[in-house]
Amino acid sequence: MSRFMNEKYSGLKEYTPGEQPKDTVYIKLNTNESPYPPGPKTIAAVTDEVMASRLRLYSDPESAALKKALAERYGVKSSNIFVSNGSDDILNFAFMAFGADGVMFPEISYGFYPVFADLNMIDAVNVPMKEGLAIDPADYAGSGRMIVLANPNAPTGRALSAKEIESIAKADPSHIVLVDEAYVDFGGESCIGLIDENPNVLVVRTYSKSRSLAGARLGFAIGNGDVIADLEKIKYSTNPYNVNSITSAAGIAALAEDDYYMENCRKVMETREWTEIELKNLGFEVIPSSSNFLFAKSEKIGGKALYEKLRERRILVRHFDNPLICEYNRITVGTPEEMTALIDAVRDLIGENV
Ligand code: PMP
């Protein structure tokens with residue numbers, strides 16, 4: 001920290017993003033990206049010359065065309081939609097806007113939540129996990145704080161039903177229940193249908209995973225019109241142009257070929273089931289996953305050792321040092337070929353190569 005930095009940030013412990021190796025020789029199963037490329041319409045949209053010539057102008061701060069396309073896809077009004085530069089941005093805005101009474105989230109969840117709480121000087125309660133790293137909705141009911149739940153959760157992959165989340169929202173209508181649906185397209189149940197009856201439910205989505213657009217940075221939120229207007233206020237007080245023209249065009253085109261992406265999600269789920277069975281056959285304990293990753297551990301090899309040995313073999317998975325989960329690795333579901341290579345490597349490493 002330089003002597004110029006505001007002292008209030010001296011204790012801030014920033015988020016550590018998953019590795020993005022500069023060489024491409026790794027089988028990359030560490031940051032939950034899609035193994036499939038963007039669809040042809042999406043690629044055409046970002047390489048279009050007319051589009052490129054528009055870069056001279058600022059992007060539309062209202063992102064009207066993108067919101068219209070999202071509204072049609074998700075069966076809501078444009079006024080129910082907020083768009084931003086990735087969903088991390090939205091999470092930060094939501095902590096800023098709705099965290100005055102403190103926040104509550106599971107002890108094992110997305111590592112950015114505690115960082116956003118610290119950054120915004122918000123008191124955070126970490127709720128211990130139940131058996132098998134499960135979440136009990138009753139722990140979150142009536143806390144008097146903003147609740148933040150990744151659903152499906154990361155890095156466990158476990159999902160709650162929309163009904164369970166509704167019970168949390170109804171128990172404390174004066175506080176926002178933020179449902180981070182980054183992985184919902186891989187088998188979770190969306191809470192978008194709750195927003196009409198429960199104005200405190202705010203759903204946050206990303207096109208980084210199911211829509212192969214991690215590098216484009218496109219996140220959006222769906223919620224009650226007044227809640228969305230609050231987020232707009234924060235956005236217009238920081239960077240009104242935070243969705244650039246190229247990303248906006250990519251998002252609109254992706255929505256026009258949604259079937260392509262839904263088919264990719266189906267393939268990922270199929271590959272996930274295959275990988276889960278293979279890991280279990282090798283003696284791994286695997287948490288039931290509704291997402292595009294598996295959280296698994298084995299008594300035959302330590303979590304860190306497996307991570308390191310796979311890395312030597314040019315396979316990257318995600319390991320967390322937190323003692324509660326350090327025996328696990330989070331393995332993104334890639335293509336069938338990539339997962340076959342993973343399973344072969346794991347089998348070899350734990351000496352079950354027959
Ligand atoms: N929420 C969760 C649970 C995530 O795992 C991620 C990805 N790291 C994000 C939000 C952020 O996604 P993005 O900023 O790429 O939209």
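This is a predicted model: local features need pLDDT of at least 70, side-chain atom pairs count only at pLDDT 80 or more; totals for chains, interfaces and linings use all residues.
According to the domain assignment, domain 1 of the protein chain is made of two stretches, 7-36 and 259-353, while domain 2 covers 40-257. Where these domains touch, domain 1 contributes 33 residues to the contact and domain 2 contributes 34 residues.

Which residues surround the ligand? They are Gly-86, Ser-87, Asp-88, Tyr-110, Asp-180, Ala-182, Tyr-183, Thr-206, Ser-208, Lys-209 and Arg-217, and, sorted by class, this shell holds three nonpolar, four polar and four charged residues.

On the nitrogen side, an N or O atom in the side chain of Asp-180 is 2.6 Å from a nitrogen atom of the ligand, and a polar side-chain atom of Tyr-110 lies 3.2 Å from a nitrogen atom of the ligand. Thr-206, by contrast, places a polar side-chain atom 2.6 Å from an oxygen atom of the ligand. As for how much of the ligand is covered, it exposes 400 Å² when taken alone, and the protein buries 91% of that area.

Technical notes. Residues are numbered from 1 along each chain as its sequence is written. Side-chain values use heavy atoms; hydrogens and water are left out. A residue is near a molecule or strand if one of its heavy atoms lies within 4 Å of it. A polar contact is a pair of N or O atoms within 3.5 Å; within protein, one must be able to donate a hydrogen and the other to accept it, and residues adjacent in sequence count only if both atoms are side-chain atoms. Accessible areas come from the Shrake-Rupley method with a 1.4 Å probe; for residues, only the protein chains shown count as cover. Ala, Val, Leu, Ile, Met, Phe, Trp, Tyr, Cys and Pro count as nonpolar, Asp, Glu, Lys and Arg as charged, and the others, Gly among them, as polar. Domain bounds come from an automatic or database domain assignment. Contact means heavy atoms within 4.5 Å.
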